[in-house]
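This briefing covers selected local features of one protein structure. Please read it alongside the sequence and the coordinates.

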Amino acid sequence: MPKDEYQSRDFRIVGTRPVRPDGIDKVTGKARYGADMTAPGMLWGAILRSPHAHARIKSIDTSAAEAMKGVKAVITRADFTYQPESASLADVLDNCMAGEKARYDGHAVAAVAATSKSIARAALKAIKVDYGVLPHVTDVDEAMKPDAPVIEAGRVQENVPEGYSENVTGRSQYGHGDPEAGFEKADLVIERHFTTAATHQGYIEPNACLAQLGADGQGEIWVCTQGHYMVRNTCAGVLGLDAGMLRVTASEIGGGFGGKTHVWMEPTALVLSRKAGKPVKLVLSRDEVFRATGPTASSSIDVKIGMKKDGSITGATATYRLQAGAYPGSIAFLSAMCGFAPYDLKHVRTEGYEVMTNRPKAAAYRAPGAPMAAYPVESVIDELCQKLDLDPLETRLKNAAREGTKASYGPTYPAIGLEATLKAAQSHPHWIAPLGENQGRGVACGFWFNFGGDTCVSLMVNPDGTVSLSEGNPDIGGSRASMSMMAAEELGVDLDQVRTVIADTASLGQNEVTDGSRVTFAVGLATIKAARHAIQIMKERAAMTWGIDPEAVDWRDGAAHPAGPNAGKFPPMTIKEIAAIASNTGGPIAGHHEVTAEGAGVSFATHMVDTETDPETGQVKVLRYTVFQDAGKAVHPDYVEGQFQGGAAQGIGWAINEEYIYGEDGRLQNPGFLDYRIPVASDLPMIEPVILEIPNPGHPYGVRGVGETSIVPPLAAIANAVSRSSNVRLTSLPMSPPKVLAAMKGT
Amino acid sequence: MSQIHVITTINGDETEFLCEAQETLLDVLRDHLDLTGSKEGCGTGDCGACSVIVDGRLVCACLMLAGEAEGRSVETIEGMADGDDLHPLQQKFLEMAALQCGVCTPGILVATKNLLERNPNPTEEEVRYWLAGNLCRCTGYDKIIRAVMDTAADMRGAA
Amino acid sequence: MVTVRLWGSLGDLAGKTEVEIPATTLRELLQGLEETYPALKPQLERGVSVSIDGKIYNDSWSTPIREDSEVVLLNRLVGG
């Protein structure tokens with residue numbers, strides 16, 4: 001029996017690049033996403049949204065809409081008759097359908113279900129809402145001031161000091177040593193203020209669901225989500241239903257990046273369905289996705305770092321103020337934990353403030369809190385290197401956290417891969433490639449935690465010896481391929497003998513959301529253990545057939561072999577042969593594993609980028625990009641590379657183009673892909689992925705999560721390249737052409 | 001509401017449908033004809049997920065009224081493979097892992113098929129600019145561009 | 001006794017950044033913290049992650065803790 005922890009081994013399938021099992025459906029248009037499902041008698045849902053950033057809802061008159069032909073249900077908050085006990089669920093409910101007041105431009109205030117999309121849209125226009133407009137605040141620094149309009153009183157945690165408005169709901173502080181004493185020892189101290197804009201995950205598939213809820217409390221939801229168990233549990237909690245009565249099936253998912261780890265409108269679809277007595281399909285428009293599903297936080301940051309002439313960092317502090325949007329609970333604590341995580345520091349202190357504003361509730365976005373944490377730190381380190389004439393990679397290596405380093409967030413690191421990524425960067429041809437006029441090269445490091453969490457996997461050995469694997473995490477970027485590969489590897493069968501499906505919530509136990517880069521790690525772990533469970537059963541069946549002790553049976557190459565004193569006495573029994581007589585030897589064969597996976601293993605990356613700044617327009621063009629990241633073990637290297645490249649591209653967008661722009665009226669001015677510009681093909685160069693494999697001791701194959709870390713370094717890497725290509729240090733994202741031009745002209 | 005009667009050709013088959021005057025070609029493809037391979041990512045022609053070919057021209061189905069399809073020939077992702085024979089682009093996208101979530105993939109395949117019909121030997125820059133109207137948020141485009149360049153080379157070799 | 005390091009703002013509530021708790025498992029540790037330092041209760045109810053000898057745990061109550069284990073409390077982690 002192989003051990004649970006990592007063991008070095010030669011892989012047969014893991015590490016190869018087979019075609020993904022869901023591929024043909026996705027290149028032929030057959031794959032069914034959230035909006036692609038219909039049901040007999042289905043109605044179309046639509047949501048009316050507040051045009052005001054902050055307004056009391058005095059009254060809503062739905063009578064004209066209800067009287068329209070084809071309108072089957074109109075709902076407001078009054079139709080959500082259950083009031084959840086927990087504050088977090090009450091927040092979800094209020095965000096899905098506003099109660100006393102609309103808290104942001106785009107906040108849902110009513111919804112309809114009708115026999116056609118056009119009737120549903122027309123009915124929205126017939127709903128009359130009487131608003132009492134309130135003062136609003138959309139800027140994080142303004143929202144902290146004692147006299148700022150308060151979004152919701154009474155939500156301040158015990159850890160917030162006095163002197164702020166009630167919008168500041170939480171504070172966390174990390175670090176050790178005495179940074180002020182550290183600054184005394186420095187040859188140069190740089191302190192700067194930074195800001196980053198709110199950016200949206202920008203998944204191409206708008207949120208969509210098809211929901212049915214009967215008067216008996218039984219319901220079904222088909223939904224694009226990163227976690228259908230989360231959808232089930234949240235909907236049940238918000239509506240006062242029994243979770244077991246709700247069956248949620250995850251559709252194919254057209255991107256999520258954290259934005260689909262939350263519930264935005266599924267309870268609305270259920271309540272519409274209950275009222276109309278028919279299934280309701282609810283598909284958000286792109287405008288709604290931008291206005292009413294959570295972007296990440298914008299931030300206001302102060303960073304101070306002291307350095308000696310030899311490059312050693314003597315002291316460091318950072319204060320992160322992140323906006324949570326219209327409800328409490330942001331991710332500033334993660335910024336406070338991640339900012340200095342790559343470095344070995346004697347004196348470090350970070351603070352994070354969670355701040356409510358009149359914006360949509362902020363949501364997780366790929367390594368939440370970490371990109372805006374790394375950006376100012378890596379920028380100031382780079383500026384120190386420039387002013388002290390130090391090599392930026394050598395300086396980072398000099399200060400790099402390694403095994404035994406006390407992390408800035410507290411614990412002592414086990415074996416980690418930061419040094420390896422820095423050394424790989426140093427020895428890569430990119431580092432010494434010549435640069436032209438107006439061109440510069442930037443580097444930056446990034447850190448992310450990675451998670452495990454609740455995970456269930458069932459592995460069925462079918463009568464013909466093929467294998468069906470059920471897991472409960474939506475496949476957002478090729479995870480069914482990885483699970484099939486790990487199952488086939490462990491069982492010793494060919495890859496085409498295993499098919500992996502995403503089970504619905506009634507078919508498998510609780511699963512944590514597809515987040516925290518957890519799936520290949522945690523679901524992979526459970527898959528391997530489910531396979532080992534099935535192998536144990538098959539060994540027992542073979543032993544019974546042979547009349548020998550099960551302990552005297554080995555499993556290799558997809559077959560049971562008599563071992564020890566019985567070695568060679570019987571011909572091996574293959575999985576097919578064992579499966580064929582399963583009914584005679586004790587019944588169907590299935591392995592399963594249920595676990596709350598812990599010990600995911602932290603992740604580091606170093607990015608290197610060349611940019612060219614146009615001195616006439618201020619436009620920044622990315623010329624060359626290389627990602628160095630530790631994957632533990634790359635199960636399917638194509639999709640590991642894809643995560644590296646995709647995260648880098650999102651980081652490039654965050655650095656150069658993307659931002660939520662609010663007007664004086666508190667309304668979002670660019671809720672569409674034309675004005676909120678994510679990187680397009682012609683904006684980007686090839687992105688070279690360099691995979692390093694430093695095995696994670698907490699996984700049998702050494703796997704480490706890879707999905708999120710790649711978005712952490714780009715913001716600073718590009719800022720550093722721009723600084724070296726244009727000789728200006730920008731401290732505000734995005735580095736859009738007007739900002740860059742103004743900085744270059746010194747205005 | 002009075003409906004418009006439209007006769008058109010979709011993926012080689014003569015197709016009739018009734019639609020409202022304001023319905024787009026994408027609405028009809030997805031909601032009336034069950035051709036859900038074309039995706040609605042924005043509804044404003046910015047993302048390209050609904051790319052189809054109308055009389056040889058690449059268009060966003062969300063920007064064309066369904067009534068305008070009268071008498072035209074429409075090609076969608078569902079018509080790209082010949083039975084179970086995948087188009088070389090579809091095959092290459094699989095082999096080179098040029099998709100992650102896959103929701104932009106139908107539009108990108110339709111768009112690049114149209115490109116290679118016009119220009120069998122595009123440069124990387126030409127591919128990137130041709131696809132500038134097809135947003136992908138997962139891949140950073142790297143593997144997509146490589147798959148298109150590789151397919152073009154294969155198709156030139158086979159021609 | 002296990003020495004538990006608290007993050008700064010949690011330490012402010014407890015009155016110190018290192019506390020001693022009699023515990024052999026994660027559950028005993030969390031219960032001991034709440035009993036000995038009631039001021040930490042709101043945060044413990046909101047959730048914490050615990051690093052034990054460099055490995056981060058979120059939930060597993062039975063996780064063993066040795067007397068000489070390095071134990072560090074962290075804000076409960078979330079992902080994207």
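Cys138(B) sits in the loop that links α4 (124-130) to α5 of chain B, where helices (H or I, at least four residues) and strands (E, at least two) are DSSP runs numbered from the N terminus. This is a predicted model, in which local features need pLDDT of at least 70 and side-chain atom pairs count only at pLDDT 80 or more, while totals for chains, interfaces and linings use all residues; side-chain values use heavy atoms, without hydrogens and water. Residues are numbered from 1 along each chain as its sequence is written, chains are lettered from A and ligands numbered from 1 in the order in which they are written.

**Cys138(B) and its surroundings**
- Cys138(B) is buried, at a relative accessible area of 4%; buried means under 20%, exposed over 50% and partly exposed in between, with a 1.4 Å probe and protein chains only.
- Apart from neighbours within four places in sequence, Cys138(B) has contacts with Phe257(A), Gly642(A) and Gly646(A), and with Gln100(B) and Cys101(B); contact means heavy atoms within 4.5 Å.
- Between the C-alpha atoms of Cys138(B) and Ala98(B), which are 40 residues apart along the chain, the separation is 9.9 Å.

- In α2(B), residues 88-95, the buried residues include Leu89(B), Phe93(B) and Leu94(B), along with Gln90(B) and Lys92(B).
- The cover over these buried residues includes α1 (23-28) of chain A, as well as α3 (105-118) and α5 (142-158) of chain B.
- Chains B and C do not touch, and their nearest C-alpha atoms are 14 Å apart.

- Strand β25(A) (residues 620-630) is largely enclosed by the rest of the structure, because 8 of its 11 residues are buried.
- β24(A) (residues 603-613) pairs with β25(A) in the antiparallel sense over 9 bridges; strands pair if DSSP finds at least two bridges between them.
- Within this pairing, Ala605(A) has Gln629(A) in β25(A) as its bridge partner.
- The hairpin of β24(A) and β25(A) has 6 residues between the strands, and Gly618(A) in the turn takes a positive phi of about 80°.
- β25(A) also pairs with β26(A) (residues 687-692), in the parallel sense and over 6 bridges.
- From β25(A), the chain crosses through α18(A) (residues 637-656) to β26(A) in a right-handed β-α-β crossover, that is, clockwise from the first strand over the helix to the second with the strands pointing away from the viewer.
- Asp630(A) has Leu692(A) in β26(A) as its bridge partner.

**An open sheet in chain A**
- The 5 strands of this open sheet follow the order β7-β15-β14-β13-β8, with mixed pairing.
- β7(A) (168-176) and β8(A) (188-196) are the edge strands, each pairing on one side only.
- β13(A) (residues 299-307) and β14(A) (residues 313-325) run antiparallel and are joined by 9 bridges.
- Asp302(A) is opposite Thr319(A) in β14(A).

**Helices α11 and α12 of chain A**
- α11(A) (residues 370-387) packs on α12(A) (residues 392-399) at an angle of about 115°, with axes 10 Å apart; axes are lines fitted to C-alpha atoms over the stretch in contact, and angles run from 0 to 180 degrees between N-to-C directions.
- Glu378(A), Ile381(A), Asp382(A) and Cys385(A) of α11(A) meet Pro392(A), Thr395(A) and Arg396(A) of α12(A).
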